[in-house]
Amino acid sequence: MLDSWWTIVSLWWLMIVSLWIIVIIWWLIRGSLVISQDLTTKLIIQEKKFRGTEKMIEADASTRTLSVDIGGSGVKVMILDSSGNPLSERLRVDTPQPPLPEAILNAIAQLALSAGEFERVSVGFPGVVRNGVTETAVNLHPDWIGFDLARELLQQLQKPVRVINDADMQGLGTIAGIGVELVITLGTGFGSALFVDGKLVPNLEMGHHRFRKGETYEQQLGRFTLEKIGEQKWNQRLEKAVLSLHSLFNYDFLYIGGGEAKLINIELPANVKIVSNLNGLLGGINLWSLTT
Ligand code: BGC
């Protein structure tokens, strides 16, 4: 009789202790979930706040911008004053291999540390960019597809960030704002940007369009092809590309930038200009007055 009484009491205690253990574990798990949720909410609010204060930041004449140009072979940064004048040297590192998002973010963070103080960040990215998210990255890595670069950089640098296609950014640092202006960039890839009276038509991807002999502009004129066919043949192809682009866009001006533009040795029509590759960074200022 006593034995069964003790068994009932022990079982009863065991049940109570187990229930307490379950409650404590549940409480601990819930606590950590709430903390991580809180952090994420805080960052999202911060991000929205940053996006909401862009105009305020732009209005301040002392604002410094870290301008970043992500390329297939190099990542470059420079600090600009509010009028777009360089406040630092142009710093460059080779694009990390493989060019994964995390590796490139770290490279930018390292460069940012050496560049100096800044209050906001502009990024030119070699692919289609929508709302800070990178949608294509032919010359980088498939992990960039759907990557929220603006948000990740905001979290890393704790500064407001705007991201745009690299050729679009080059255009923002180049155009006069009158008529139809086309910009192409010759580097690892073939970049293109179109402006109508200063208004950007974003993410024009001429590079992946058919040009000649069943190949795209990028396949015919990209850096890998240039290395294969040599400058002479590359220049002849470029001459054909200029004609072909003119018959398609009937542009008022065509600007040619990018790292390989220095190799151009053909005679260009009067409305076609070679522009400095630095414009890819200088465009980081106009990015903040861009209305989308
Ligand atoms: C990309 C473009 C980019 C260009 C130059 C191309 O492969 O698709 O978005 O502007 O390379 O980097």
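Leaving aside neighbours within four places in sequence, V123 is in contact with V68, I70, L149, L153, V161 and V163; contact here means that the C-beta atoms, placed from the backbone, lie within 7 Å. Before going further, note that this is a predicted model, where local features need pLDDT of at least 70, side-chain atom pairs count only at pLDDT 80 or more, and totals for chains, interfaces and linings use all residues. Residues are numbered from 1 along each chain as its sequence is written.

V123 belongs to the largest nonpolar core, which has 35 residues; V123, L66, I108, L153 and V163 touch the most other members. Such a core is a set of buried Ala, Val, Leu, Ile, Met, Phe, Trp, Tyr and Cys residues joined through C-beta atoms within 7 Å, and a residue is buried if 20 or more other C-beta atoms lie within 10 Å of its own. A second, separate core of 22 residues includes A167, L182, I184 and L200.

Now look at the open sheet, whose 5 strands run in the order β11-β10-β9-β14-β15 with mixed pairing. Strands are DSSP runs of E with at least two residues, helices runs of H or I with at least four, both numbered from the N terminus, and two strands pair if DSSP finds at least two bridges between them. Because β11 (199-201) and β15 (272-274) stand at the edges with a single partner strand each, one side of each is left without a neighbour in the sheet. Further in, β9 (residues 180-186) and β10 (residues 190-196) pair in the antiparallel sense over 7 bridges, and F195 in β10 is the bridge partner of E181.

Terms used:
A residue is buried if 20 or more other C-beta atoms lie within 10 Å of its own, exposed if 12 or fewer, and partly exposed in between; C-beta atoms are placed from the backbone. Two residues are in contact if their C-beta atoms, placed from the backbone, lie within 7 Å.
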